[in-house]
Amino acid sequence: MRRKGYFVLAGLASVCVAALLGGCAQVVLLDPKGPIGIAERNLILEALGLMMIVVIPVIVMALWFPRKYSASNTKADYAPKWSGSRRLEILIWLVPLAITTVLGYLAWSRSHQLDPYRPIQGAAPVRVQVVAMNWKWLFIYPDQNIAVVNRLVFPSGVPLSFKITSDTVVNSFFIPQLGSQMYAMAGMVGRLHLLADKPGLYYGQSQQFSGNGYAYMRFHARAVSAEQFREWLQKVKRSPNKLDSAMFAQLEKPSVQNPVAYFSSVRQNLFDTIVESFATMSPAAKTVSPLETAKRTPGVH
């Protein structure tokens, strides 16, 4: 009966392992599509491998010890006066110390290599200004003087240079398959550099709870060819909507599942105005549009 119990336990463990391995294909972090995402995936796997040096033996011993040293096992050694082992103590301390040292070195070195403020070498980057709002994302392309709500389009193989802020509470900008999330905070500007190495549709999201509409604060990030990107820019340029002060005031109102919106032109220095509006007043006092606040604040244009 006891042997049957062990077979059942082994079978359940096998099912759990198979389920976990099957789910890995769905984990986007393990299916990166750019150099930053690949480097971060490799770091996760390296750290996991190092930790398994301790975890796997512990799991094996947890299953083996109760069987070997149970009262019913008369073949096990009986040593009532055993008090310790110097070799065992050295092993217990040195292995975790070595693993911690290597993990510390990996974390330190990769933190510098994967610094989100560090530009990616290559062609001139596509600059995008990101504004987190309730509950949507505003993407401003300053070089093209256009803006888009809840959709990010960019050429593949070309670096992306993001400037990120918030027009509301703290959010976190994240495209998992491209790597590195960056917090969006009112009155502050975060920087992030990413690259998609081939065309594809990737999913962006907020990783910071920000209220009732947080679950719907998602967007499509589409990497396209250079020609498709030019065609898309022309499509946005043909939009009748312009992101002026009045339109931005409407956009500021909280909305859930806001449809994709294109703006063929953007009010000058809109991104900087949003940032400066929080720098010149307390968060509790923000009861009007940043554009209106900027008009009332000397030195802000």
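**Close-up views of a predicted model**

**View 1. The largest nonpolar core.** The largest nonpolar core here has 39 residues, and Phe139, Tyr141, Leu152, Phe162, Phe173 and Trp232 have the most contacts inside it. A nonpolar core is a set of buried Ala, Val, Leu, Ile, Met, Phe, Trp, Tyr and Cys residues joined through side-chain atoms within 4.5 Å; buried means under 20% relative accessible area, exposed over 50%, and partly exposed in between (1.4 Å probe, protein chains only). Take Phe139: leaving out neighbours within four places in sequence, its contacts (heavy atoms within 4.5 Å) include Val128, Val130, Ile146, Leu152, Phe173 and Phe219. There's also a second, separate core of 17 residues, with Phe263, Val266, Phe271 and Ile274 among them.

A word on the model: it is predicted, so local features need pLDDT of at least 70 and side-chain atom pairs count only at pLDDT 80 or more, while totals for chains, interfaces and linings use all residues. Residues are numbered from 1 along each chain as its sequence is written, and side-chain values use heavy atoms, with hydrogens and water left out.

**View 2. Around Ser180.** Ser180 sits in the loop between strands E6 (171–174) and E7 (182–184); strands (E, at least two residues) and helices (H or I, at least four) are DSSP runs numbered from the N terminus. At a relative accessible area of 12%, Ser180 counts as buried. Its side chain makes a polar contact of 2.5 Å with that of Glu40. (A polar contact is a pair of N or O atoms within 3.5 Å; within protein, one must be able to donate a hydrogen and the other to accept it, and residues adjacent in sequence count only if both atoms are side-chain atoms.) Setting aside residues up to four places away in sequence, Ser180 also touches Ile36, Leu114, Phe173, Phe174, Leu192 and Leu194.

**View 3. Helix H2 against helix H3.** H2 (residues 35–68) and H3 (residues 86–113) pack at about 170°, with axes 9 Å apart. Axes are lines fitted to C-alpha atoms, for helices over the stretch in contact, and angles run from 0 to 180 degrees between N-to-C directions. That angle makes the pair roughly antiparallel, a label for angles over 145 degrees. On the H2 side the contact includes Leu43, Leu50 and Val54, and on the H3 side Val95, Leu103 and Arg110.

**View 4. Ala107 on H3.** Ala107 belongs to helix H3 and is partly exposed, with a relative accessible area of 42%. Its C-alpha is 8.5 Å from that of Leu43, 64 residues apart along the chain.

Methods:
Parallel < 35°, antiparallel > 145°, perpendicular 65-115°, else oblique.
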